[in-house]
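User: I would like to learn how to read a protein structure step by step. Could you take me through its domains, sheets and helices, giving the general idea each time and then the case at hand?

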Amino acid sequence: ATSLPSHFISNIIAEDLKAGKNGGRVATRFPPEPNGYLHIGHAKSICLNFGLAAQFGGVCHLRFDDTNPSKEEDEYVEAIKADVRWLGFDWGENLYYASDYFEQLHDFAVKLIRKGKAYVCSLTPEQIREYRGTLTRPGTDSPFRGRTVDENLELFAAMRAGDFADGSHVLRAKIDMSSPNINLRDPIMYRILRAPHHRTGESWCIYPMYDFAHGQSDGIERITHSICTLEFQDHRPLYDWFLEELDLFHPQQIEFARLNLSYTVMSKRKLLELVTQKIVSGWDDPRMPTLVGLRRRGYTPAAIRTFCERIGVGKSDSCIDVGVLEDCVREDLNEHAPRVMGVLRPLRVVIDNYPEGEVEEFEAANHPADPAMGTRMVPFSRVLYIERDDFMEEPAKKFFRLAPGREVRLRYAYFIRCESVVRDASSGEIVELRCSYDPQTRGGNAQDGRKVKGTIHWVSAPHAVTAEVRLYDRLFLTANPGADKDGSDYRSHLNPASLEIVDTCLVEPGLSAALPEASFQFERLGYFSVDALDSRPGAPVFNRTVTLRDSWAR
Ligand code: ATP
Ligand code: MG
Ligand code: MG
């Protein structure tokens with residue numbers, strides 16, 4: 001068994017349990033807004049919330065925070081559910097929608113009006129902003145703050161009934177316009193908005209604001225520990241105020257540092273822009289930090305969970321190097337991905353002394369360290385393809401692969417020697433190597449004990465299957481592309497070479513029928529995953545998940 005993660009939040013929960021708080025019950029929640037696909041930052045929150053529930057024998061709710069109709073869609077709801085499941089978590093019975101609480105939230109608002117703690121304000125949005133003040137300037141009371149309870153009840157009912165135009169009135173909590181915490185300066189609880197909601201349709205034309213919906217949803221569901229990111233620290237006094245005033249179950253809000261990852265953007269607005277402006281092929285473009293993108297790239301749920309554990313849970317914002325994420329998938333695939341041979345940029349090799357028409361098969365291990373993964377037969381014949389990079393006409397120092405007059409080992413097969421090169425008559429480019437093989441080296445070792453320094457991969461030309469390979473690089477050239485103040489400039493940091501398509505790759509025949517999402521190590525090249533959308537039997541398409549080593553660190 002692996003050790004359970006220990007961090008400040010798990011410590012708080014352990015203490016609470018020891019003290020008998022909440023009757024020994026632990027309930028967390030993951031509350032996505034269905035306005036986009038989940039990204040690796042959400043994975044951190046999912047692993048944390050579901051992980052804590054599992055660790056302490058509690059439950060974790062999946063709650064759609066769907067109180068803002070204009071940007072929310074069912075497509076996202078379904079995608080989010082699929083992503084959470086894919087990541088390996090199960091909410092069981094505990095699926096909730098904040099929109100299911102609209103009636104209850106409305107009644108809570110009426111309760112606050114009755115208590116004299118909420119009022120209908122008829123300032124314009126600009127005036128509300130102006131009256132709110134700033135960090136250095138206290139706010140000013142709205143002239144509508146003194147409306148009577150009856151007046152407020154009547155106006156709020158009329159708001160709900162659709163008697164007013166969008167934006168003409170809001171319901172505000174009556175707290176303190178001079179509070180140093182701007183969130184407490186009579187925050188808006190409800191606004192008028194005529195927009196169809198993905199679940200409630202046209203039933204409502206008033207919608208609760210995030211701060212009025214979120215804590216109350218937590219309270220209704222009797223969440224014990226409401227874990228959110230640091231930006232909500234300043235909202236906590238408001239979270240607590242509503243729950244106290246409404247006399248609801250009072251969860252403890254705990255803030256942690258959100259995940260930032262280098263060489264990518266993580267805000268849903270920017271990710272959506274990348275999609276709508278067709279900078280990427282979709283939410284599931286393998287360069288996206290979304291879970292569907294990472295999945296299509298070949299990331300495994302286990303690798304992402306390991307990553308979330310490895311980065312830990314802290315209280316100060318930082319940026320994690322994307323290399324850490326790449327290491328996690330590399331480690332997982334190193335252990336689990338079968339080895340195969342594929343030639344990315346083929347160079348034709350003819351073995352002149354190998355009998356024409358003859359085919360033999362070599363038994364190749366699917367994993368060098370895991371015999372349980374078995375072996376496969378790889379065909380060999382007189383005409384092969386090797387990697388263009390594995391030949392140099394004038395070998396550089398320390399180049400130990402094939403060169404004129406030099407001998408190398410073909411993985412699992414024979415030693416071959418390059419006898420001559422064949423050039424294209426017009427371009428002069430080398431198009432073929434004429435080689436000889438030594439039959440005494442079958443299996444990879446010479447009878448006379450002579451050594452070769454290089455071992456290269458290959459495929460048999462008549463047996464090889466043509467594959468398309470998509471090589472991905474980082475989507476952005478700079479470590480923090482979203483750093484610009486106005487946030488609009490991130491597109492100028494895009495990496496123009498983040499995708500290279502190689503459609504003349506040749507792979508061993510067994511890969512012809514590789515299943516969607518299957519991962520392989522192409523020996524010496526990296527890890528590749530079968531594209532779930534575009535791959536076809538006989539015409540496989542592979543996405544490079546990650547190189548064998550971190551080529552950026554060298
Ligand atoms: P965005 O600001 O990009 O719209 P969000 O935080 O509003 O993202 P939600 O759908 O509301 O997106 O997020 C659901 C949950 O995931 C929240 O509890 C939030 O704290 C958590 N979360 C979102 N992004 C991150 C991140 N980068 N790191 C950790 N947790 C995150
Ligand atoms: Mg958001
Ligand atoms: Mg949010």
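This is a predicted model: local features need pLDDT of at least 70, side-chain atom pairs count only at pLDDT 80 or more; totals for chains, interfaces and linings use all residues.

User: Into which domains is the protein chain divided?

Analyst: Domain bounds come from an automatic or database domain assignment. Here the chain is divided into domain 1 (8-256), domain 2 (259-341 + 464-554) and domain 3 (344-456).

User: How many residues of domain 2 are in contact with domain 3?

Analyst: Two residues are in contact if their C-beta atoms, placed from the backbone, lie within 7 Å. By that rule, 14 residues of domain 2 touch eleven residues of domain 3, and strand 24 (residues 499-507) gives the most to the domain 2 side, with four residues. Helices (H or I, at least four residues) and strands (E, at least two) are DSSP runs, numbered from the N terminus. To sort residues by class, Ala, Val, Leu, Ile, Met, Phe, Trp, Tyr, Cys and Pro count as nonpolar, Asp, Glu, Lys and Arg as charged, and the others, Gly among them, as polar. The side of domain 2 that touches domain 3 has nine nonpolar, two polar and three charged residues. The centres of the two domains, taken over C-alpha atoms, are separated by 31 Å.

User: Where does ligand 1 lie?

Analyst: A residue is near a molecule if its C-beta atom, placed from the backbone, lies within 6 Å of it. Of the 15 residues around ligand 1, P32, G41, S45, R258 and K268 come nearest. Helix 2 provides the largest share of this shell, four residues, and the shell divides into five nonpolar, five polar and five charged residues. Because domain 1 and domain 2 both give residues to the shell, ligand 1 lies between them.

User: In what order do the strands of the open sheets stand?

Analyst: Strands of a sheet pair through backbone hydrogen bonds, either parallel or antiparallel. Two strands pair if DSSP finds at least two bridges between them. One open sheet has three strands in the order 1-2-3, with parallel pairing. Strand 1 (27-30) and strand 3 (95-97) stand at its edges with a single partner strand each, so one side of each is left without a neighbour in the sheet. Another open sheet has seven strands in the order 21-18-19-20-14-17-22, with mixed pairing. In this second sheet, strand 14 (residues 346-351) runs antiparallel to strand 17 (residues 383-387), joined by five bridges, whereas strand 14 and strand 20 pair in the parallel sense over four bridges.

User: At what angle do helix 2 and helix 11 pack?

Analyst: Axes are lines fitted to C-alpha atoms, for helices over the stretch in contact, and angles run from 0 to 180 degrees between N-to-C directions. Helix 2 (residues 40-55) and helix 11 (residues 301-311) pack at about 75 degrees, with their axes 9 Å apart. That makes helix 2 roughly perpendicular to helix 11, a term used for angles of 65 to 115 degrees. The contact is made by I40, A43, K44 and C47 of helix 2 together with I304, R305, C308 and E309 of helix 11. These contact residues divide into five nonpolar, no polar and three charged.

Conventions: Residues are numbered from 1 along each chain as its sequence is written. Chains are lettered from A and ligands numbered from 1 in the order in which they are written. Angles under 35 degrees count as roughly parallel, over 145 as roughly antiparallel, 65 to 115 as roughly perpendicular and the rest as oblique.
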